[in-house]
Amino acid sequence: MNAHTADTTPKSTNGRASAAIRSFRVVLTCVGSHISALVPWSLDMSDYFPFDARPFRLRMGVRPLDLDQWLEVDHDYDAHIALKRELVTTRHDEVVAMVDHPLVADAQAELWELVSHAARSPLNDQRLSPIARCTCSTQEDWVLMIDLGAGPVLAAAGVCFPSRWVLADKVGLTNREIHAPIAHYDEHLARPVDQFFDRLSVDRPVWRLNWNLFDDPALFQPVRKGASALDPTSSTLAADAPPVWLRVERQTLRRLPRTGAIAFGIRIHQQPVNSLAEDHDRLAVLGTALRALPADTFAYKDLGHFAEDLLGWIDRRLID
Ligand code: HEM
């Protein structure tokens, strides 16, 4: 199976619901020269189900991005923004980081210019760095990859919702260094990602998906993989389903026109696996995909302590 991006085509087994949802898409209002996405264009996590039955391989899985859909706004916007603003205030250095360099300041300013024009409620607080303002204004988190002389490195970031990684570990690193903990990254992705970064052009932005299964639905998980911290009181799952959440990252990549920096947006979508209980097609694909993971990927993803329960539950649902 593909662990990450096998099929990123938005789709749903519930065709009618999906069509209705898609009809909400892209309602744009022009305010002077600014374009604001005022209405959510996608409200349904079911658009993002990055699994299929192909043999395992990490894949780039990049698709062309329509810049009208660069940012996603949904009913969680206010809650996400409130949490981000709290984190930037109380845990600033864990969620905001940057390399001190004039190019980095310039690229941050360019990203803020674009984000502030597209965001629903831009936080124009001059006391914050532009990258901090970006993360506090959108449900997306933001990373700027900038060539400071020896190829692109993680040069600035506002990441409030990390999926079990620690921002301070990654600042100043190249793509290969950032991804070093990932099983099979060198073999499957290192070269394609480097080449992709070299070739990414301003007029060809893209999006892709990553996935995780976590036993904790907290958005802010600044821990290295292997250190899960389930709060049992936070479970919203039916008693017979294991307390596991499917956490999908919708990632966007675009080259900024003025500075040439690469803006990497990370948007978290989560749902309890229990919400798939009636969707036998997807449950079957998920079960096949999990069983096809190599042992080292299984370990990197830290699936060991609930996988047996989850697969048992999937099997029982499919028999019902
Ligand atoms: C086309 C570009 C990219 C591809 C194909 C890609 C692919 C991946 C994959 C397959 C994973 C493993 C996911 C998992 O199983 O949990 C991953 C993790 C990760 N990616 Fe990327 N990625 C890309 C760009 C980036 C960029 C630009 C950053 C910059 C911050 C980034 C940061 C990370 C981090 C921090 C992790 C977690 C690493 C860890 O566990 O320490 N990725 N990526």
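**Reading strands and helices in a predicted model**

User: I'm looking at tryptophan 245. Which residue stands opposite it in E9?

Analyst: Tryptophan 245 stands opposite proline 272 in E9. Before going on, note that this is a predicted model: local features need pLDDT of at least 70, side-chain atom pairs count only at pLDDT 80 or more, and totals for chains, interfaces and linings use all residues. Residues are numbered from 1 along each chain as its sequence is written. The names come from DSSP runs, numbered from the N terminus: helices (H or I, at least four residues) and strands (E, at least two).

User: How many bridges link E8 and E9, and in which sense do they pair?

Analyst: Two strands pair if DSSP finds at least two bridges between them. Here E8 and strand E9 (residues 262-272) pair in the antiparallel sense over 11 bridges. Arginine 254 gives you another spot to look at, as it stands opposite alanine 263 in E9. The two strands make a hairpin with six residues between them, and glycine 260 in that turn has a positive phi of about 80°.

User: What lies beside E8 and E9 in the sheet?

Analyst: Trace the open sheet of seven strands in the order E3-E7-E8-E9-E5-E6-E4, with antiparallel pairing. E3 and strand E4 (96-98) are at the edges with a single partner strand each, so one side of each has no neighbour in the sheet. E7 (residues 206-214) is joined to E8 by nine bridges, and tryptophan 207 stands opposite threonine 252 in E8. E5 (residues 141-147) pairs with E9 over five bridges, antiparallel again. Within E9, tryptophan 142 has glycine 265 as its bridge partner, while valine 143 stands opposite phenylalanine 264.

User: Why is strand E8 called largely enclosed?

Analyst: Count neighbours: a residue is buried if 20 or more other C-beta atoms lie within 10 Å of its own, exposed if 12 or fewer, and partly exposed in between, with C-beta atoms placed from the backbone. In E8 (residues 245-255), 10 of the 11 residues are buried, so the rest of the structure largely encloses the strand. Compare alanine 53, which counts as partly exposed because it has 13 C-beta neighbours inside 10 Å. Alanine 53 sits in the loop between strand E2 (34-39) and strand E3 (63-64).

User: Now helices. Which residues of H2 are buried?

Analyst: An α-helix has 3.6 residues a turn, so residues three or four places apart point the same way. In H2, the buried ones are His80, Ile81, Lys84, Leu87 and Val88. Seen down the axis of H2, they fall within an arc of 125° and so line one face; the arc is that of the directions from the helix axis to the C-beta atoms. On the other side, Asp78, Ala79, Ala82, Thr89 and Thr90 are exposed.

User: How do H10 and H12 cross?

Analyst: Two packed helices are described by the angle between their axes and the distance between the axes. The axes of H10 (residues 280-292) and H12 (residues 304-319) come within 10 Å and cross at roughly 145°. Those axes are lines fitted to C-alpha atoms, for helices over the stretch in contact, and angles run from 0 to 180 degrees between N-to-C directions. The contact (C-beta atoms, placed from the backbone, within 7 Å) involves residues including Leu283 and Ala284 of H10 and Leu311 and Ile314 of H12.

Technical notes
Contact = placed C-beta atoms within 7 Å.
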